[in-house]
Amino acid sequence: MAKPKPISAEEFDRMFDDGEDIDAYIDWSKATRPGLVPKRVNVDFPSHAVAQLDREARRRGVTRQALIKMWITDKLDALEPARS
């Protein structure tokens with residue numbers, strides 16, 4: 001596929017707003033999601049809590065880490081004021 005001719009930011013925005021295909025103008029290998037860069041944290045849980053987490057994770061078919069992320073994200077999202 002040939003590289004498309006350069007366009008202005010305004011033209012790009014218009015194409016995006018109109019639902020047109022903008023893939024040719026984006027280098028997806030360099031795309032990032034601001035604010036979503038992972039940061040490692042360590043949390044210690046009592047062994048009985050880890051066992052409960054593991055049981056619930058197995059029941060849901062996800063990893064322990066995925067379950068913890070889901071629960072914490074859900075709780076934090078609930079703290080935010082309703083978006084209008």
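Visitor: What pattern does the protein follow, read along the sequence?
Guide: Keep in mind that this is a predicted model. The protein has three helices and zero strands. Reading along the sequence, you get the pattern α-α-α.

Visitor: Is the protein a compact globule or more spread out than that?
Guide: Let's check it against the globule rule, which gives 12 Å for 84 residues. The radius of gyration of the protein is 21 Å, well over that value, so the answer is: more spread out than a compact globule.

Visitor: What box do the C-alpha atoms fill?
Guide: Picture the box laid along the principal axes. The C-alpha atoms fill roughly 60 × 35 × 25 Å.

Visitor: Okay, and how much of the protein is made up of buried residues?
Guide: A residue counts as buried when its relative accessible area is under 20%. Out of the 84 residues, the buried share comes to 8%.

Visitor: Which contacts join residues at least 24 apart, as a percentage?
Guide: Here we look at contacts between residues at least 6 apart in sequence. Among those, the share joining residues at least 24 apart is 0%.

Visitor: How many salt bridges does the structure hold?
Guide: Side chains of opposite charge can pair when their charged atoms come close. The protein has 15 positive and 15 negative charges, with mean positions 11 Å apart. As for salt bridges, the structure holds seven.

Visitor: Which residue meets Arg 14 in a salt bridge at 2.7 Å?
Guide: Look in helix 1, residues 9–17, and go three residues from Arg 14, about one turn of the helix. Together with Asp 18 and Glu 20, the two are linked in a network of salt bridges. The partner is Glu 11.

Visitor: Where does the partner of Arg 64 lie?
Guide: The side chain of Arg 64 meets that of Asp 54 in a salt bridge, 2.6 Å from N to O. This pair links distant parts of the chain, ten residues apart: Arg 64 is in helix 3 (residues 64–79), while Asp 54 sits in helix 2 (residues 47–60). Arg 64 counts as partly exposed at 38% relative accessibility, and so does Asp 54 at 22%. So you'll find the partner in helix 2.

Visitor: Is Glu 56 buried or exposed?
Guide: Glu 56 meets Arg 60 in a salt bridge, and both lie in helix 2, four residues apart. Arg 60 is partly exposed at 41%. For Glu 56 the relative accessible area is 18%, and the cut-off is under 20%, so Glu 56 is buried.

Methods. Residues numbered from 1 in each chain as written. Predicted model: local features only at pLDDT ≥ 70, side-chain atom pairs only at ≥ 80, totals over all residues. Heavy atoms only, no water. Helix = DSSP H or I, 4+ residues; strand = E, 2+ residues; numbered from the N terminus. Rg over C-alpha atoms; globule rule 2.2 N^0.38 Å. Buried < 20%, exposed > 50% of the residue type's maximum accessible area, 1.4 Å probe, protein only. Contact = heavy atoms within 4.5 Å. Lys, Arg positive; Asp, Glu negative; His and termini not counted. Charge placed at Lys NZ, Arg CZ, Asp CG, Glu CD. Salt bridge = Lys/Arg side-chain N within 4 Å of Asp/Glu carboxyl O.
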